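Please work through each task before reading its solution.

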Amino acid sequence: MFLTLRTNWIILMLAVVLMSATVLYARTWSGFAAVIMVLSVLKFLLVAFYFMEMSKAHPAWRAILTVFAVIVAAAVVLMK
Amino acid sequence: MNESGIAADVIETPDTKDFFYPPGGILLWIIILLELFTFGIAIVIFMYSAGQERAVFETSAQQLNITIGSINTVVLLTSGYCMAKCVHLFRRGEVTRSKKQLLATLILGLVFMVLKAVEYEHKATEGLTLGTNTYFDFYWMLTGFHLVHVATGMVILLWWNVTMQRKPQGEALGNLEAGAAFWHLCDLIWLLLFPVLYLIF
């Protein structure tokens, strides 16, 4: 595995902190929604690939999850 | 298994590179994909409705408690870490340490549910219930269905915790991996719901 479970958890916590900082200090910025959704997709993929061990699964499963997360996030940002 | 709860051999696992054997099993992954697509479609419909009633969605979202939502995100992600660690330890044959991680997962799941109940209670006292407006209809339905998933996950994990040592280790590992995959599904759904409901408006 590329990341250990603990390293993955630390990155996830940092992403939560970064997200909170964005909410506190950059709410009025035009790219706010995009930053929030990019961080959400990052967390989604870290959980799926490392906690759910999909990094060890067939590439088709990884592709399905990645495409799904990106489509939902893109739809949210575009429809905002 | 020896007295310290460490099994003599590391448990053999199937080749997860095979398309039909993803971690947790193909049947569970069909359910996971269906659940994710359902919530994904609901989020898209939520965003479409936001476009129709922008002012309502913006004022309603301000009434949610971002602090509780953020704490719940940390709690759920940490429970996901404990669950992943539980499977990892069980696979290495360290059953006693694995059970401790499973217990930590269950406690964190309970913390999530208590915080959600506190949030629901606040919203209900403020009169922000189903039927208040479109935003709160989505809020109650989406977070409610997610909470049902968390509760179901807890029941599954509690059952594995009770029956883990009664089954042959290979079968127990398969069950544990499936339970873990379902638990992580709750993480995945929350990671999409939290920013959309609490943050972006």
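**Exercise 1.** Determine how much space lies in the largest cavity, and identify its lining.

*Solution.* Step 1: the largest cavity holds about 90 Å³ of space. A cavity is, on a 1 Å grid over the protein atoms alone, a set of points where a 1.4 Å probe fits but cannot get out, and lining residues have an atom within 4 Å of a point. Grid points are joined across faces, edges and corners, and the volume is the space filled by probe spheres set on the points. The model is predicted: local features need pLDDT of at least 70, side-chain atom pairs count only at pLDDT 80 or more, and totals for chains, interfaces and linings use all residues. Residues are numbered from 1 along each chain as its sequence is written, chains are lettered from A in the order in which they are written, and side-chain values use heavy atoms, with hydrogens and water left out.

Step 1: Helices are DSSP runs (H or I, at least four residues), numbered from the N terminus.

**Exercise 2.** Locate the second largest cavity and state its volume.

*Solution.* Step 1: its volume is about 40 Å³. Step 2: B:Trp160, B:Thr163, B:Met164, B:Lys167, B:Ala172, B:Asn175 and B:Leu176 form the lining. Step 3: helix 5 (134–163) and helix 6 of chain B each give two or more of these residues, and helix 6 has the largest share, three residues.

**Exercise 3.** Describe how chain A and chain B meet.

*Solution.* Step 1: in contact (heavy atoms within 4.5 Å) are 38 residues of chain A and 44 residues of chain B.

Step 1: the two chains bury about 3,800 Å² between them, 77% of it on carbon and sulfur atoms. Buried area is the accessible area (1.4 Å probe) that two parts lose on being put together, summed over both. A:Met52, A:Trp61 and A:Met79 supply 19% of the area that chain A buries against chain B, more than any other three residues.

Step 2: the rule for a salt bridge (a side-chain nitrogen of Lys or Arg within 4 Å of a carboxyl oxygen of Asp or Glu) finds one across the interface. The side chains of A:Glu53 and B:Arg91 meet in a salt bridge at 3.0 Å, N to O.

Note on methods:
1 Å grid on protein atoms, 1.4 Å probe; cavity = no way out; pocket = protein on both sides within 12 Å on 5 of 7 lines; lining within 4 Å.
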